[in-house]
Amino acid sequence: MESISPFYALSTEFQYSPPWKDLSIIGIAGSSGSGKTSVAMEIVKSLNLPWVVILVMDSFYKTLTPEEHRRAHANEYDFDCPESIDFDLLVDTLKDLKQGKKAHIPVYSFADHQRQPHTTTLYSPRVLILEGILALHDPRITEMLDVKIFVEADMDVCLGRRVLRDVRERGRDIDGIIKQWFTFVKPSCTKYVSPQRGISDIIIPRGIENTTAIDMVVKHIQRMLQEKSEEHTETLRKLGLIAAKVEFPPNVHVLPSTPQFQGMHTILQSPETEDVDFVFYFDRIASILIEKALDMMPYLSTNVKTPQGNEYMGLKPEGTVSAVAILRGGSCLETALKRTIPDCITGRVLIQTDENSAEPELHYLKLPQRIEEHSMVMLLDVQMSSGGAALMAVRVLVDHGVQEERIVFVTCAAGETGLKRLTAVFPKINVVVGRIEADLEPRWIEKRYFGC
């Protein structure tokens, strides 16, 4: 499918799309026991990338009525026909993921034959492998697939594998398995599963044993990812050139270069400064940055009675303030954060730049619960150079429901081009920066702060 450009301009506003917005979806279909799961896991293993996930269609079984539930426990309910799958929910989920949105994946219990009340959250995969007996059945799904795979095996082999799996993993008895196989599974395979073979791009006989076919699939996926990575990196570069012509908006707050501030920066810049002194003075600067960020928090008027019995007209925070550190540099600011706001709720996001492509990649994400309801979210990073990681981190917060104007990006030092790129794409965020440094300056502060 045609890839999506990571940025585009609407009048004077720039839009940024992270790499996972152009999600690659691989569909793997085949009869029950044909080896679909093994093939999917082998593809993941061979790719050896942190953002490849397997989505099993079994999670999208429909919720059963009491009568259907009774029939399921008696092995009299057909789980292999298209009517048993909630295809509408699956299509909506894939569309959300394809657009880079957060999706809620149902949890299905095979022991209870029922969908559970809770869900799991899926966000930011670059490659998604959809695996199921009917993965290529719905035209709405096949339109979204980059590669369509059909795994086939001898039906007697499939039956043997199904018996072993259902006894070991799903607590079924052999008689019930055999009954369900000949009543539902085998007829459905002929009627619904086998026709998918004709629309597949790649047919893999013998499943995981067919290493040649699996290697061909892996190399095809690697080529797609390389092309998308090159396009994303190039358009980030172009975005920097365009954004460089944009002036800083008033919501970029550079701390004034007072004699005290210059003196502390002199200590930090000097290679003769001992580690303990470096940490002490950096924490002082970080505290000033955090305190400046708190000026942007919404406050409400409130009256308190002083110990002297007087009424004081003051302010109180409108709601909860939280902070998300971009690892590992953002952790340098957490000591100052805890000193300033001891009960601040914190989260983590790990974004690293690929050494070969120079493309930022999201590796880890843990946000505070109900972060979308917080009145202010501070995004912490000790240095910002190109702005790629900051763009991605802000995009993550926005995708999780945080309003752009409630985000305050806090950094000790930032390159001018990266800062303009960030504020051009997200003009409503507030930025608190200690000083403007040379573009593409290496990240050195965190190494001095942590000593490694």
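Between domain 1 and domain 2 the count of salt bridges is 0. A salt bridge here is a side-chain nitrogen of Lys or Arg within 4 Å of a carboxyl oxygen of Asp or Glu. The model is predicted: local features need pLDDT of at least 70, side-chain atom pairs count only at pLDDT 80 or more, and totals for chains, interfaces and linings use all residues. Residues are numbered from 1 along each chain as its sequence is written, and side-chain values use heavy atoms, with hydrogens and water left out.

Start with the layout. Domain 1 spans 24–230 and domain 2 spans 247–450; these bounds come from an automatic or database domain assignment. Their C-alpha centres lie 43 Å apart. Domain 1 gives 8 residues to the contact and domain 2 gives 10, where contact means heavy atoms within 4.5 Å. The buried area is about 750 Å², with 49% of it from carbon and sulfur atoms. That area is the accessible area (1.4 Å probe) that two parts lose on being put together, summed over both. On the domain 1 side that touches domain 2, the residues are 3 nonpolar, 3 polar and 2 charged. Ala, Val, Leu, Ile, Met, Phe, Trp, Tyr, Cys and Pro count as nonpolar, Asp, Glu, Lys and Arg as charged, and the others, Gly among them, as polar.

Now the salt bridges elsewhere. The rule gives 19 salt bridges. One of them joins R140 to D88, with the closest N and O atoms 3.0 Å apart. R140 sits in helix α4 (residues 139–142) and D88 in helix α3 (residues 87–98), 52 residues apart. Helices (H or I, at least four residues) and strands (E, at least two) are DSSP runs, numbered from the N terminus. R140 also pairs with D138, at 2.8 Å between the closest N and O atoms.

How enclosed are these residues? Buried means under 20% relative accessible area, exposed over 50%, partly exposed in between (1.4 Å probe, protein chains only). D138 is buried at 9%. R140 is partly exposed at 36%, and D88 is partly exposed at 48%.

K148 and D201 form another salt bridge, at 3.5 Å. K148 lies in strand β8 (residues 147–152), and D201 in the loop between α6 (174–193) and β9 (202–205). K148 is buried at 16%; D201 is partly exposed at 46%. R328, D381, R443 and E446 form a salt-bridge network.
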